[in-house]
Structures are given as C-alpha cells and as structure tokens.
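Dear colleague,

Please find the structure below, handed over for your studies.

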Amino acid sequence: MCGIVGYVGKKNAVPLLIAGLKRLEYRGYDSAGIAVVVENKISVRKTVGRLTNLEARLAQQPLAGSVAVGHTRWATHGEPSEINAHPHCDCAGRIAVVHNGIIENYHELRAALEAKGHKFLSQTDTEVIPHLIEAALRDGAKNLPDAIRAALNQARGAYALGIVSADAPDTLFAVRQGSPLIIGIGEDGDRFIASDVPAVLNRVREAIYLDDGILAELRDGSVRLTNLAGAEVPAKVQPVTLSAEAADQAGFETYMLKEIHEQPRVLRRLLEVNPLFGGGANFGLKSDYFRKLQRVMIIGCGTAYHAGMYGRLLLEQFTGLAVETDLASEFRYRDPHIDPGTLIIPVSQSGETADTLASIRLAKSWGCKVLAICNVPGSSLTRESDAVLFTEAGPEIGVASTKAYTAQQMAFALLAIWIGSARGMIDATACRSLLADLAGVPDAIHYLLDRKDSIRAIAQKHHEGPSALYLGRKFNYPTALEGALKNKEISYQHAEGYAAGEMKHGPIALINEYLPVVCICTKTSDEVYEKMISNMREVEARRGRIIALATDGDSQIARFAHDIIYVPYVRDEFSPIVNVVALQLFAYYAAQARGTDIDKPRNLAKSVTVE
Ligand code: F6R
C-alpha cells in the first residue's frame with residue numbers, strides 16, 4: 001500500500017527518488033521520507049502529508065548522494081507522523097529501511113530487542129527490521145547480507161524492503177516476501193528498486209521481478225541475487241513494455257478522468273490481443289479442460305468483486321456452468337467445500353491484493369486450477385496462477401478503479417463466449433453475433449463520453465445530499481454496486497447499491513423528496529426493464545429524486561425521472577460495460593462539485609497488499 005523507490009548509480013539519487021515517489025503517491029500518501037548514504041553516514045529527511053512537504057524540506061535542508069531509498073506511507077501501524085514515516089533506522093543510525101507490508105510478529109521481536117537494549121522511536125512494525133539487522137551484526141554475522149538474512153529468518157509476515165547502510169556505502173539491498181518489488185535496469189549503470197513499475201518507467205527498459213525470499217544486492221552497473229541460504233540465483237531480466245506516457249496525466253485534470261477516457265481504446269485493444277479468439281498469446285488452460293469443467297468460483301475484492309459478479313451472470317448464461325462468487329476476504333475464512341475440479345477465477349487489477357492471493361493459495365492447496373483475470377504482468381497473482389487472462393488496461397494510477405473494471409468486464413465477456421463455444425452451448429453463428437456486439441461496446445462508450453457535459457450538469461444538481469441510493473437488476477445489479485462504490489470513494493457521499501427487487505424489503509424506508517435514487521433502467525429484451533419501471537414508480541410515489549440511466553430514444557422514462565442520463569444501446573448482456581462509464585462520470589463530477597481530492601481520496605490506497 002505504501003510506495004518504495006531506491007536508486008544506486010552515478011547520479012544524485014535525490015531528484016530521481018522524488019520523481020519516482022511522485023509516480024507512486026497513489027499507493028499511499030500520509031507521509032514520506034528518504035535516506036541517502038552521504039560520506040559513509042546515513043542522512044534521513046521525513047515529513048508528514050503529501051510529497052510536496054518532503055520536497056520543501058529538501059529545499060531547506062538539501063541532500064545529495066548516489067545510494068538512497070525513499071518511501072510514501074499509508075499508515076497501518078502507528079498514526080501518520082514524522083516519527084512513524086519511513087525510513088527507519090537502527091540505534092547507531094547506520095542502517096535505514098523502507099518497508100511495504102506488515103511484520104506480524106513485531107510485538108514479540110520488539111520486546112526481545114528492547115530487552116537487549118535497543119531503543120525504538122516509532123510505533124511502527126517496520127522499525128524492528130533495522131534493529132534485527134544491527135543485532136545480527138553485533139551477534140557476529142560476518143557481513144550485511146548475512147545480517148539481513150538473519151533478520152528475515154525471524155520476521156513473519158508480508159514485506160518488501162529497501163535497505164541502505166553506511167557500512168556498505170555502494171550497495172542498495174532489496175528483498176520481498178509477499179509484497180511487490182521490482183528491480184529496474186537503467187542506462188549508464190543505473191539500478192532502481194520500486195514497489196511498482198510506473199515509479200521508474202521513464203528510467204528503465206528492463207526489469208527483474210523479484211521472487212519471494214530472494215535478496216538483491218544492487219550496485220552501480222550490477223545486480224546480485226541470493227536466496228535466504230546465501231546461494232547465488234540467476235536473474236531473469238525482462239523487457240518493460242509499458243510506455244512512460246501510459247503513466248502520465250496526458251493533459252487531463254486528473255488521472256481518473258484520463259483513465260475514464262482511455263476506456264474505448266483499452267477495450268478495443270483487449271478485443272484485438274486477447275488470446276482466446278486468435279490474439280495468439282499463450283493462454284495456459286486448454287479448451288478440453290473447459291469441456292469437462294462443472295463448477296467455477298470467482299473471487300475478488302471491491303471493484304474487482306463487482307466485475308466477478310457480472311462475470312458470473314455471463315458465465316451462467318453462456319456456458320451452463322454452476323458459478324459462484326465471493327469476496328476474497330470472506331472466502332479465505334469460510335468452509336466452502338470446494339472440490340479439486342472447481343476452477344477458481346481471481347479478479348484483480350494489481351495482482352497483489354492480500355486477500356485474493358491468500359484465497360488462491362488456499363484453493364491451490366485443495367488441488368484447484370486457477371485462471372486469473374489481472375492487469376499487471378509479473379504480479380504475484382499472475383505468477384501463481386495456472387493461466388492468466390490479462391486485461392491489458394495499462395497502469396491505473398487513479399485510486400478509484402475505472403478502466404481496469406471495464407477491462408475486467410470485457411475479459412469476462414470474452415471468456416464466457418469462448419467457454420460457451422468450447423462446451424457447445426453457443427454455436428458458431430451465435431458466437432460471431434456476440435463478438436460483433438461486443439466489438440460495438442468501445443464505440444458506445446466513446447459516444448457516451450461525448451455527453452459528459454450533460455452528466456456533469458446532473459451530478460452538480462444532486463451532489464449535496466448526505467446519501468444516495470443506486471438500484472439495478474440482473475446484469476446491472478453489479479453496476480449499481482459499482483456506481484455506489486465509485487460515488488462513496490471519491491465524493492465521500494454515502495451511497496448504497498441495491499438489487500432493485502430488494503427495495504421493498506427495507507431500503508424503501510429511506511426514500512423521501514431529498515434522496516437521489518439512481519435507477520439503471522436501460523432497455524432489455526426480457527422482463528427486467530418492466531420490473532425496473534415498477535421500482536421507479538415506487539420511488540416516484542414516495543417523492544424520491546429519480547436519476548435514470550435510460551437507453552437513447554426511450555421516452556417512457558421521462559414520465560417519472562427528474563433527470564435522465566441517456567446511454568447508447570448495446571445488447572442486454574454487455575450494457576453494464578457502457579452503463580458503468582456513465583456512473584463513473586456521475587461520481588466524478590459529484591466529487592468535483594464537493595471539492596474532494598479525486599485521484600487520492602482520503603484513507604484509501606491503490607493496492608491493498610495487507611489484510
Ligand atoms: C475501487 C477499488 C478497490 C479495488 C480493490 C481490489 O475503486 O479500486 O475496491 O478494486 O481494492 O484491488 P485489486 O483489483 O487490485 O485486487
């Protein structure tokens with residue numbers, strides 16, 4: 001959840017670290033700090049709040065050096081404060097550590113270290129690491145790598161660590177266990193570490209995706225990898241294919257608005273490159289496996305879970321499979337009686353969400369195959385799954401997920417059509433027709449984006465109330481949940497997504513003339529449309545303020561809705577991919593009217609790598 005960047009090379013590390021941390025600020029942003037090796041000493045600067053505060057501090061108290069680590073923090077242990085900001089040091093101030101993740105047994109480690117006389121300054125779990133390294137050196141470890149290994153053998157939990165020491169002034173150390181960390185290979189001997197590729201995109205064209213339990217020693221022009229037993233392991237260097245521009249704001253006022261606008265292009269590309277229908281990439285599971293398959297379990301968190309709910313409806317409709325969904329944080333603690341023949345489909349933008357990873361590890365221990373839908377190549381999820389369907393959305397920087405969600409929806413649509421065909425549930429003609437309709441979705445979103453001014457005007461009318469209700473049915477029930485989630489995340493207006501049929505079982509009590517009720521009532525070929533009209537009449541009868549999502553040309557809705565967001569027609573099954581974009585824009589403009597920090601909403605972090 002926090003961001004890590006480190007550098008070793010010939011240049012001054014400080015501006016490189018600040019630039020990298022800026023690109024990572026979306027991962028966590030309540031404090032920031034850097035540690036630089038300067039003349040065989042460690043110098044640290046830390047500040048609370050946004051990175052600009054650290055820049056201001058560095059302007060007053062400059063630092064320069066060619067070996068350094070930096071961090072932006074999203075607090076887990078200990079309040080956001082200068083003391084709790086990373087890097088953390090040992091008693092002698094000769095070892096500095098930045099950390100992403102949680103050291104679970106830090107209480108007992110800290111007590112043992114304090115008993116040996118170590119002095120702690122912060123309330124963080126991280127601070128035990130430099131003290132453990134210091135203790136290992138005092139206890140006779142023969143060098144720093146051995147001392148780091150000794151420390152890690154005692155620490156339990158998930159971590160990515162960047163370490164510098166005054167006693168190894170030419171070296172940057174890095175190690176991970178369950179939290180993402182990459183090594184970037186740049187020009188002229190430049191070597192970086194980063195918790196996320198975008199941090200160093202403009203500086204590196206090759207990367208090493210560090211495996212768990214591997215200690216990296218980076219020096220000007222070299223990287224050495226060893227395992228926790230000290231044996232050297234080969235480095236697998238991979239090209240970085242993302243462009244630096246992909247992680248830039250490209251003239252939009254926020255990343256989120258840019259990413260909303262990227263959706264037609266992202267979805268067109270996904271249709272072109274997907275490995276299922278001739279895109280050519282390697283997919284991992286053969287169609288024979290899907291012919292025999294009986295049951296599917298989809299898991300994810302937050303927005304990814306909503307994509308999974310939509311995916312379930314498509315898989316049920318097109319494949320004849322029994323499909324369930326669960327929140328990864330629930331799945332991992334219940335007793336779901338999953339047999340080895342069940343296919344697990346985890347959905348995740350980052351591929352690093354702790355609960356999702358824990359769930360698939362559990363399912364694999366039961367013998368299940370895992371097919372991931374994921375956006376980040378090289379992420380833990382993609383490395384631990386039997387097959388991956390990449391969403392190809394490029395880096396998503398805005399904390400609220402937008403383009404990754406519609407790409408997940410599109411991936412599910414492709415997968416459901418493909419499995420349905422493999423299982424003989426969809427014939428060649430129906431398959432062609434579905435794919436042709438799916439290919440129309442990016443254009444429909446494009447037309448919708450052209451109408452953003454009218455969506456802004458509606459959002460500006462309804463943003464003030466304390467709460468809003470979102471109603472949808474069948475394919476658009478997940479859309480209602482996702483629309484409400486977007487609204488609460490970025491505008492901080494309480495919003496509740498509900499299956500419209502459940503209204504009479506409780507939430508109807510909320511309705512009065514002040515409550516905005518967003519009703520997703522786009523035209524469908526079955527009875528769902530009529531049922532939504534009935535639900536809108538119920539809201540109207542109680543004087544609720546209806547904001548309807550309606551299909552172009554539908555004049556009926558105007559009879560009850562206060563405001564209408566018209567969306568282009570697409571067939572029922574794919575309407576959620578278009579409808580959600582209208583709700584992303586609606587939430588966006590509500591948040592803008594409420595004056596929130598849209599790209600970095602309070603309390604949230606982009607990637608939830610801890611439980
Ligand atoms: C909401 C949002 C979160 C994520 C969730 C899962 O806008 O971004 O709800 O969807 O934390 O993250 P990933 O997809 O990275 O597993």
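The side chains of Lys-292 and Asp-288 form a salt bridge, with 3.1 Å from N to O. A salt bridge here is a side-chain nitrogen of Lys or Arg within 4 Å of a carboxyl oxygen of Asp or Glu. Lys-292 and Asp-288 are separated by about one helical turn, because they are four residues apart in helix H8 (residues 287–292). Helices (H or I, at least four residues) and strands (E, at least two) are DSSP runs, numbered from the N terminus. Lys-292 is exposed, at 60% relative accessibility, whereas Asp-288 is partly exposed, at 37%. In these terms, buried means under 20% relative accessible area, exposed means over 50%, and partly exposed lies in between (1.4 Å probe, protein chains only).

Please note that this is a predicted model, in which local features need pLDDT of at least 70 and side-chain atom pairs count only at pLDDT 80 or more, while totals for chains, interfaces and linings use all residues. Residues are numbered from 1 along each chain as its sequence is written, and side-chain values use heavy atoms, with hydrogens and water left out.

Other salt bridges

How many salt bridges does the structure hold? The total is 39. One of them joins the side chains of Arg-94 and Asp-167, at 2.9 Å from N to O. This pair links distant parts of the chain, 73 residues apart: Arg-94 is in the loop between strand E5 (88–89) and strand E6 (95–103), and Asp-167 is in the loop between strand E7 (157–165) and strand E8 (172–177). Arg-94 is partly exposed, with a relative accessible area of 29%.

Asp-552 and Arg-451 also form a salt bridge, and their closest N and O atoms are 2.8 Å apart. Asp-552 is partly exposed at 36% relative accessibility, and Arg-451 is partly exposed at 24%.

A pair of helices

Helix H4 (residues 128–138) and helix H5 (residues 144–154) have axes that come within 8 Å and cross at roughly 120°. Axes are lines fitted to C-alpha atoms, for helices over the stretch in contact, and angles run from 0 to 180 degrees between N-to-C directions. H4 and H5 are therefore oblique to each other. Angles under 35 degrees count as roughly parallel, over 145 as roughly antiparallel, 65 to 115 as roughly perpendicular and the rest as oblique. On the H4 side, the contact is made by Leu-132, Ile-133, Ala-136 and Leu-137; on the H5 side, it is made by Leu-144, Ala-147, Ile-148, Ala-150, Ala-151 and Gln-154. Contact means heavy atoms within 4.5 Å.

Individual residues

Is Ser-380 buried or exposed? Ser-380, found in helix H12 (residues 380–384), is buried, with a relative accessible area of 1%. Its side chain is joined to that of Arg-176 by a polar contact of 3.1 Å. A polar contact is a pair of N or O atoms within 3.5 Å; within protein, one must be able to donate a hydrogen and the other to accept it, and residues adjacent in sequence count only if both atoms are side-chain atoms. Setting aside residues up to four places away in sequence, Ser-380 touches Arg-176, Gly-351, Glu-352 and Leu-357.

Ser-401 lies in the loop between E19 and helix H13 (403–422) and is buried, at 10% relative accessibility. The side chains of Ser-401 and Glu-396 make a polar contact of 3.0 Å.

Val-388 lies in strand E19 (residues 387–390) and is buried, at 12% relative accessibility. With residues up to four places away in sequence left out, Val-388 touches Phe-283, Leu-371, Ala-372, Cys-374 and Thr-382. Val-388 and Ala-468 are 80 residues apart in sequence and 37 Å apart in space, C-alpha to C-alpha.

Ala-75, in the loop between strand E4 (67–73) and E5, is partly exposed, with a relative accessible area of 23%. Beyond its neighbours within four places in sequence, Ala-75 is in contact with Asp-30 and Pro-80.
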